[in-house]
Amino acid sequence: MERHYLCIDLKSFFASCECVERGIDGFKVPLVVANPTQGNGAITLAITPFLKAQGIKSRTRLYEIPPHIKYQIVKPRMSLYIAYSKKVISVYLEYVSESDLLPYSIDECFLDVTDYLKLYNKNDTELADDILKRVYEKTGLTANCGIGSNMLLAKVAMDTDAKKYKNGISKWTMEDVQNK
């Protein structure tokens, strides 16, 4: 029996949490999560998708951000990020049991949805789309999702392709390994 895994990664997680809390759109606002008391050499823990679209990389030093780019610095709040992560996990648990949820990090999880496709009468892409929409509805956070017949394929699909698609979802099969 072929398995169906989802690998879901929350976009710019720390920065996105800060944006949701402030009621601002991370796709339109330049915001950096870093410790301002460490000065210009502080490492950015996260940046908004707005800054990423300008070619700025996450986990760069503040002094590496070009001076013509103006941005807001916010201090990291791990308790906030943990609270959001718990909210997202609760959304996943609306769709799968705890035994089919495999956390990878604070902002990334694998879900084995194999046994749920028939239950929801959906294919893996449709179910992934439903889950991503529900995460956004409940938390205001956006995510990317890779789908594969094993966790590695799901992770590779998410890391390499999902960001390219408007819905943030990419599916890889074993045949795609050679082609892509």
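Visitor: Which strands form the open sheet of five, and in what order?

Guide: First, the general idea. Strands of a sheet pair through backbone hydrogen bonds, either parallel or antiparallel. Here five strands form an open sheet in the order S5-S6-S1-S7-S8, with mixed pairing. Its edge strands are S5 (101-105) and S8 (169-171), each pairing on one side only. On average, neighbouring strands of this sheet are turned by 20° against each other, direction ignored. This is a predicted model: local features need pLDDT of at least 70, side-chain atom pairs count only at pLDDT 80 or more, and totals for chains, interfaces and linings use all residues. Residues are numbered from 1 along each chain as its sequence is written, and side-chain values use heavy atoms, leaving out hydrogens and water.

Visitor: What counts as a strand, and when do two strands pair?

Guide: Strands (E, at least two residues) and helices (H or I, at least four) are DSSP runs, numbered from the N terminus. Two strands pair if DSSP finds at least two bridges between them. Take S5 and S6: they pair in the antiparallel sense over four bridges. Within that pair, Pro 103 has Cys 109 in S6 as its bridge partner.

Visitor: In what order do the strands of the three-stranded sheet run?

Guide: The order is S3-S2-S4, an open sheet with mixed pairing. S3 (46-47) and S4 (72-74) are the edge strands, and each pairs on one side only. S2 (residues 31-33) and S3 pair in the antiparallel sense over two bridges. Helix H1 (residues 13-22) packs on this sheet and touches S2, S3 and S4. Contact means heavy atoms within 4.5 Å. The direction of H1 makes about 120° with that of S2. Axes are lines fitted to C-alpha atoms, for helices over the stretch in contact, and angles run from 0 to 180 degrees between N-to-C directions.

Visitor: How many cavities of 30 Å³ or more are there?

Guide: A cavity is a set of points, on a 1 Å grid over the protein atoms alone, where a 1.4 Å probe fits but cannot get out; lining residues have an atom within 4 Å of a point. Grid points are joined across faces, edges and corners, and a volume is the space filled by probe spheres set on the points. The count comes to one cavity of 30 Å³ or more. The largest cavity has a volume of about 40 Å³.

Visitor: Which element gives the most to its lining?

Guide: H3 does, with four residues. Helix H3 (78-95) and strand S6 (108-112) each supply at least two. The lining residues include Leu 10, Tyr 92 and Cys 109.

Note on methods: On a 1 Å grid over the protein atoms alone, a cavity is a set of points where a 1.4 Å probe fits but cannot get out, and a pocket is an open set with protein on both sides within 12 Å along at least five of seven lines; lining residues have an atom within 4 Å of a point.
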